[in-house]
Each structure stands twice: as structure tokens, then as C-alpha cells.
Amino acid sequence: MILIGLALVLLAIAGAPLFVVIAASALWGFQQAGVDLSVVSIEFYRIAEMPVLLAIPLFTFAGYLLSESSAPSRLVRVTRALIGWLPGGLAVVALAACALFTAFTGASGVTIIALGALLFPALREDGYEESFSLGLVTTSGSLGLLFAPSLPLILYAIVAEQSNAGAAVSIDRLFRAGLLPGLLMVLLLAGYSLWRNRTRRVPLATMSWREVRGALWEAKWELPLPLVILGGIYGGIFAVSEAAAVTALYVLVVEMAVLREIPLSRLPAIMRQSMVLVGGILLILGLSLASTNYLIDAGVPAHLFALVKAHVTSQLTFLILLNLFLLVLGALLDIFSALVLVVPLILPVAAGFEVDPLHLGIIFLANMQLGYLTPPVGLNLFIASYRFERPITQIVRATVPFFLILLVSVLIITYCPQLSLLLAGEPGGGGGR
Amino acid sequence: MTPSDQTLWQRLDRFGRGVENALLMVLLCALIGLASLQIALRNFGGGGFVWSDELLRVMVLWVGLFGAVAASRDDNHIKIDLLSRILPERVNRWLRLVINAVTAIICGVLTWCGERFVAGERAFGSTALDGLPVWLLQMVIPIAFGLMAWRYAVFFGRDLRSLARSVNR
């Protein structure tokens, strides 16, 4: 048994597709337990029984399409016109624009490619140091993970609901729970950016109403999108899958028919690219439904809880250990795999230490956001290194201060549950669907 | 491999890619269209149709699985790539050989599981979407895993050939 486990871990770090490792462990477990193996397919078919999943292909496609258009440059222009006149304004522009864009495009690294490529040269032109600019842009690539309607938030709610460990996690409560922690991250990073550039004496740009009007007018087609979608979701008017459908249809019509920035011949490739990502996520989700089912049948979460309970007595110690564990996890696994594999196991344990499942979700995702910046597999590091043609080591060094700021905010998020729970509202209440 | 074999192979590959793209496009457009239509009907047309919810959910499964098949074509699945960056190319080639073999085998087993599942449902005779036998919708599971198994078997064969060539040399 240990041998098989070891072989699977070895396969995983050797670069085998993760779904293969998950499938193999589920198949082997059910085989040992004498269960008919068609159970793996039965579990996989549960993908077709979750209405919320509809949001994943629709949002992913909309995000890919947006990042191929000139929407990123319009977004930068609007944000710049509105807050670019502040001291250190462009750095804050970068943070705000990236956070909004990442929330809408999931966390697949497209932010660095679509926005970072615009912001990095702009920052350099405005006289920000190279190391600061690189770090800022690399870090911003995953900022906004905690804002609706980001895919990881949706996926956490789905996984938590599937593993039915006590309290239900409704998506709209989770969306509201992410607001303050997400803002905290943006504010701390903005504060650091201002402090770091406090001695820079460049003449400030002046706020020009003309530029504001021009920028808003240029972005008139995309502007309603965040307003309608975020308003609809946070206001509890839309279900997530409805918001996703509206977003996908709207973006498709606007970018392809109204603005015509993307040639029709590009569309199949964009659709394919986005569905490859969706396929990768759903494949892992479906197979991990099977492997999780086996683990629950085998009583692994209960054993795990007993084990942790034997060594850890207070909630505080548990949270410290959780942070450490998630840091390592985030450094090794991508956010989607980590979500579907680990959340079902730690949810019941966290519940035993009276950690609210909403709070756990925010802690989990905030930690995973750090994982985008930690070697050896931090996605943002590789994308930034590739996009800006700088060696990985330089990127890592540039992101260190930003990483530390984010680490501080993760600790605040972890040890102040109120931050996550204040806006979430009562279970069942809050007017959401 | 003769040059004409190679072009045949390339043509097949292009053809397969085209079929995948077309299928993904049709599914995704249908998904967007149906989901939007459903909202419109729910708000303005009194309810929509009974089985649109179910059809949408099944289409998500289909688009996901064909997306996964498309990911297999370029070996573009989510993975932890820790060792290949450190190990020398010689070792990596052997590792890839093993990984492609294991992937093909596991996908083969999943295909077999899928077939058993579908056969079971077929015998049971349950229906979905207003009378359609449900096993028809579920066929996508063995089909997709079968295609992935085939894809990785091809990768395995390719690696084996190139390894054999480098050993002979």
C-alpha cells in the first residue's frame, strides 16, 4: 500500500497528468475495497448533476475572449484617468485593474499576459524601478482571486457542498465573505507601493475630466459588465450560472459583432484554448469526486481529525498549522487541483476546530494565492519570466517584498475571522439564491 | 516512416484537430445560447422548457470531456512539473515513456469502467430529456477516455521509436 502510494507521488512529481494520479488512486482504492470499478464513472457522471458548474466554461471563455481583445488597454486607461493622478498612482492603477480583471478571468495567468504586458512598460516609463515594477506586475497576476465571480471561489463552494461536511457553503455568501479580505490585500499592497515610492519626485499627472470622459467613452461597451455582474451577484439578483451566461453572451456579441477587434477566424482557437483549461479542471474535479468518495468510505477524514486532535488542542494552533500546510501545498499544487483534492479532507477537520467553512474557504484561497508566487511551481513566476523575458531568479527576488505583504494579509485574514464573516450574513439569509 | 506516411499522419492530425475544434465550438455556442435563452424565457416567457436545465448540465459534461480530449492532443493537462526541469534530458526521455504508458493504461481502464457504467444504465433503461435513453448521453465518458488512451498510446509509440533510434545509433 505504501509502495503504491509512493509510486503515485513519484509519478505526480515526475510530471504525469494529475488526473491520472487521482484516477489511479481511486481505482486502486476501490479495487482493494472490492467495489465494482464502474463506481468511478458513476462518480464522474455527477459532473452532470451540478447546475453551478455551468458557470465554469462560460466565465472561462468570456475571460479568454476579453484578454484577446483590447479591453485590457481600455481598462488601464479608465483606471489611470480615475486614479492615475494620485502619488504612486500608476502602481495603484496596476493593482486595481489587475484585481478586477483576475476576478473576471479566473486565475489562469491571463492577467499577467493581458494586463502585465501593458502595465510593466508603463510603470518603467513613469520612472518606477525595474525590480519594483516586475514584482508588482507579477504579484498582481493573481490578485482579485477573492472577488466574485472568480473561478476558485465558485469551485470551493462546489467542492464544499459535494463533500457535505456539516454547514452548507452558499456561493453568494462566499462571494461576500471574500470582499473585505480581498480589499485588505489590495490596500496593503497599495500602501506598500506608495511608501516604497515616497521619495520619487516626479510631477504628478493632473486629473483631467476630459481624459476621464474620453476613457469612459472608449470603454462604454465593457463598462456595464462589471457593474451589472458584480451588482447582480453581490445584490443577490443573479444566480452565478445566470451571471456567467449573461457575461459570455455579452462579451461574445460586443467583442465579435460590435467592436470587431478579434477576427472571426481566431474564435475557434480561443474557444479551444479556454475549453482545454475547462476540460483540465472538470477532469480533475470528476475523478477526485471518486477518489474523495473512496477516502470518505475508508474513514480517512475521521482518522485525520483524530490524529490532528490528538496533537493539537486549540483553534489557534490548528490555524497556524493550517497556514503552514497550505503554504507548502500552494507551492506544489495549482489552485484547482489543491481545491478538489484537499478541501474535502480538511473541511471536517476544520469544522471540528469550529472554523467556519466560509472562513476556511477564504483562508484556503488566500494561501493558494501565495502559492502563485512561491517556487518551485509558482505559476505567476513562470508566466512573468516568459512574458517579460527575465530570468526566474530575478522575478523571485523582485516579488519577495510583495510576497511578504501578502503573507501578512493572509495571517490577518486567518486570525481575524470577522473580516471574512462580517459581510457574509447569516446562513440562509442575506437575500441570495 | 516514409515521407508520404508522414503527410498522411499530419493530415489525420489536422483533421482530428479540426473535428475537436468544431465540436467544442458547437457545444460552447449551444451552451451560451441555451443558457441565455433559458434566462430570457424564465423572465419574460413564463418558465422555459422542462428539460433545458438537464440538457445544460449534460452539455457541461460533454464540453468538459472534449476539452480534456483536446488537452490530451497537446499533452496539456494540469500537472506538477517538478523533476523534468532538474533532470537531464536522457533521464527525462525514459520518464516520459513511462508516464505516457501509465497514462494510456489508466485511460484505458477508465474507458472500460465507463463502458460498464453505460452498459448498466442501458440494462436499467432509464431515460432523460423527455424520453432519450440516458446511456446515450453517458456514452461520452468511455468515448472521451478512449480517445485519451489512444492519444497517449500514440505518444508512447512515438517516444519508443525515437528512443530505439537513439539507442541504435
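Contact, in this presentation, means heavy atoms within 4.5 Å. By that rule, 56 residues of chain B are in contact with 57 residues of chain A.

Before I continue, a word on the model. It is a predicted model, in which local features need pLDDT of at least 70 and side-chain atom pairs count only at pLDDT 80 or more, while totals for chains, interfaces and linings use all residues. Side-chain values use heavy atoms, with hydrogens and water left out; residues are numbered from 1 along each chain as its sequence is written, and chains are lettered from A and ligands numbered from 1 in the order in which they are written.

Let us stay with the interface. Chain B and chain A bury about 4900 Å² between them, and carbon and sulfur atoms give 80% of that area. Buried area is the accessible area (1.4 Å probe) that two parts lose on being put together, summed over both.

How many salt bridges does the rule find across the interface of chain B and chain A? There are three, a salt bridge being a side-chain nitrogen of Lys or Arg within 4 Å of a carboxyl oxygen of Asp or Glu. A:Arg272 forms a salt bridge with B:Asp74, and the closest N and O atoms are 3.9 Å apart. On the side of chain B that touches chain A, the residues divide into 37 nonpolar, nine polar and ten charged. Here Ala, Val, Leu, Ile, Met, Phe, Trp, Tyr, Cys and Pro count as nonpolar, Asp, Glu, Lys and Arg as charged, and the others, Gly among them, as polar.

Over all chains, the structure holds 21 salt bridges. One of them joins the side chains of A:Arg266 and A:Glu68, at 2.8 Å from N to O. This pair links distant parts of the chain, 198 residues apart: A:Arg266 lies in the loop between H13 and helix H14 (267–297) of chain A, and A:Glu68 in helix H4 of chain A. Helices are DSSP runs (H or I, at least four residues), numbered from the N terminus.

I turn now to helix packing in chain A. Helix H12 (residues 224–234) and helix H13 (residues 240–258) of chain A pack at an angle of about 170 degrees, with their axes 10 Å apart. Axes are lines fitted to C-alpha atoms over the stretch in contact, and angles run from 0 to 180 degrees between N-to-C directions. H12(A) is therefore roughly antiparallel to H13(A), the term for angles over 145 degrees. The residues of this contact divide into eight nonpolar, one polar and no charged.

How values were computed
Helix = DSSP H or I, 4+ residues; strand = E, 2+ residues; numbered from the N terminus. Parallel < 35°, antiparallel > 145°, perpendicular 65-115°, else oblique.
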